[in-house]
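Here are some notes for reading this structure. Please keep the sequence and the 3D view open while going through the points.

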Amino acid sequence: TYILGIETSCDETAASVVKDGTVIVSNVVASQIESHKRFGGVVPEIASRHHVEQITLVIEEAMKQADLQPKDLSAVAVTEGPGLVGALLIGIQAAKAFAFANQLPLIGVHHIAGHVYANALEHPMEFPMLALVISGGHTELVVMEEDGRFEKIGETRDDAAGEAYDKVARVLKLPYPGGPHIDRLASTSDGAVEFPRVWLEEDSYDFSFSGLKSAVINYQHNLQQKGEEINPSHVAAGFQQSVVEVVTEKTRRAAEAYGVKQVIAAGGVAANKGLRAKLEMTFKEANIPFYVPSLPLCTDNAAMIAAAGYSKYKAGDFAGFDMNGRPGMPLKSWN
Ligand code: ATP
Ligand code: MG
Ligand code: FE
């Protein structure tokens, strides 16, 4: 079963063909990062325009690299939400046109389900599973009792982890997106500033990162007023240590409380070297299998959308041609 996946929720235009939800046949990603860099973040109107320019080429390229004809496909899966509405609509319109022209069924995929199913492309998913979703817009702990079932047990009460990385990077005058730059500074730093850990209530699986972000900003202001220079590496390392410690500890606690067979990490911040290392070490000690996708499958791509689409395809969960972009789409089970 071959599924064409399409992703345009933010600033990458992506298309991919995946076989049986597990094997990447082609995977094309056109990133717009360069166009948004000078604005220090994603500009929605610019994102939409880029998607319009790129989407047909990217889909064509994915089909060409897969060396398949549309008739070889079983369905078209596209990101329905959440994301920028104008960006989502470009992918959805392209998916509808492709599906209609080739008489293929259409599947609407939740972007975060996509990030989770990136794991299916690299190892068998086993249930019950705990997913740590950690990306530019989300920081959540999700228990999956089985394929296509999601129960959110914790989430951020303010900023997402990726958002905090990008804001702290801006304070340190690092280019957008800041996550990878902080990661690099932190991993080569010879010291770390001590920043608070935000645990919230005992037993809570929720997260909060805005206080940590403020602590970094205050630290910088205080030094500035004393006429002292901040050491960006020490700030990056201290910030990262705080994020990594809290995220890892809450994930471990949840994994043990829910007795899961497998823990996975998903989303752009799961590309973070420090976080990956700490999670790997922690779950090795706890004796719970832990997986995180390879770097290109952590950040936005369409293979993950096709992989999640395959699970919905098996469940017979198809979309109508009236599908609309849903910027605030909730993560719902399909099994
Ligand atoms: P969402 O998936 O929640 O809708 P998004 O699609 O914008 O948001 P992703 O593409 O999944 O987010 O991830 C992008 C985020 O990941 C950015 O905030 C970026 O700074 C962060 N990121 C990428 N690489 C790293 C890294 N090595 N360390 C920390 N953060 C990283
Ligand atoms: Mg992105
Ligand atoms: Fe994403």
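Predicted model: local features only at pLDDT ≥ 70, side-chain atom pairs only at ≥ 80, totals over all residues.

1. UniProt, in an unreviewed entry, gives residues 24–306 as the feature "domain: Gcp-like".

2. Ligand 1 is surrounded by 23 residues, and the closest are Gly-136, Gly-137, Gly-162, Gly-179 and Gly-268. Helix 4 (111–117), helix 5 (161–171) and helix 6 (179–187) are the elements that give two or more residues to this shell. By type, the shell around ligand 1 has 14 polar, six nonpolar and three charged residues.

3. The unreviewed UniProt entry also carries the feature "binding site", with Ser-135, Gly-179, Asp-166, Asp-183 and Asn-272 among its positions. Two of these positions are taken up below.

4. Ser-135 lies in the loop that runs between strand 6 (129–134) and strand 7 (139–144). Is Ser-135 buried or exposed? Ser-135 counts as buried because 25 other C-beta atoms lie within 10 Å, and the cut-off is 20 or more. Leaving out residues up to four places away in sequence, Ser-135 touches His-115, Ala-160, Gly-162, Gly-267, Gly-268 and Val-269.

5. Gly-179 lies in helix 6. Gly-179 is buried because it has 25 C-beta neighbours inside 10 Å. Among the residues that Gly-179 touches, not counting those up to four places away in sequence, are Tyr-165, Asp-166 and Asn-272. Gly-162, Gly-268 and Val-269 are in contact with Gly-179, and they also touch Ser-135.

How values were computed:
Residues numbered from 1 in each chain as written. Chains lettered and ligands numbered in written order. UniProt positions renumbered as here; feature names shortened; annotations may be inferred. Near = placed C-beta within 6 Å. Helix = DSSP H or I, 4+ residues; strand = E, 2+ residues; numbered from the N terminus. Nonpolar A, V, L, I, M, F, W, Y, C, P; charged D, E, K, R; others polar. Buried ≥ 20, exposed ≤ 12 C-beta atoms within 10 Å, placed from the backbone. Contact = placed C-beta atoms within 7 Å.
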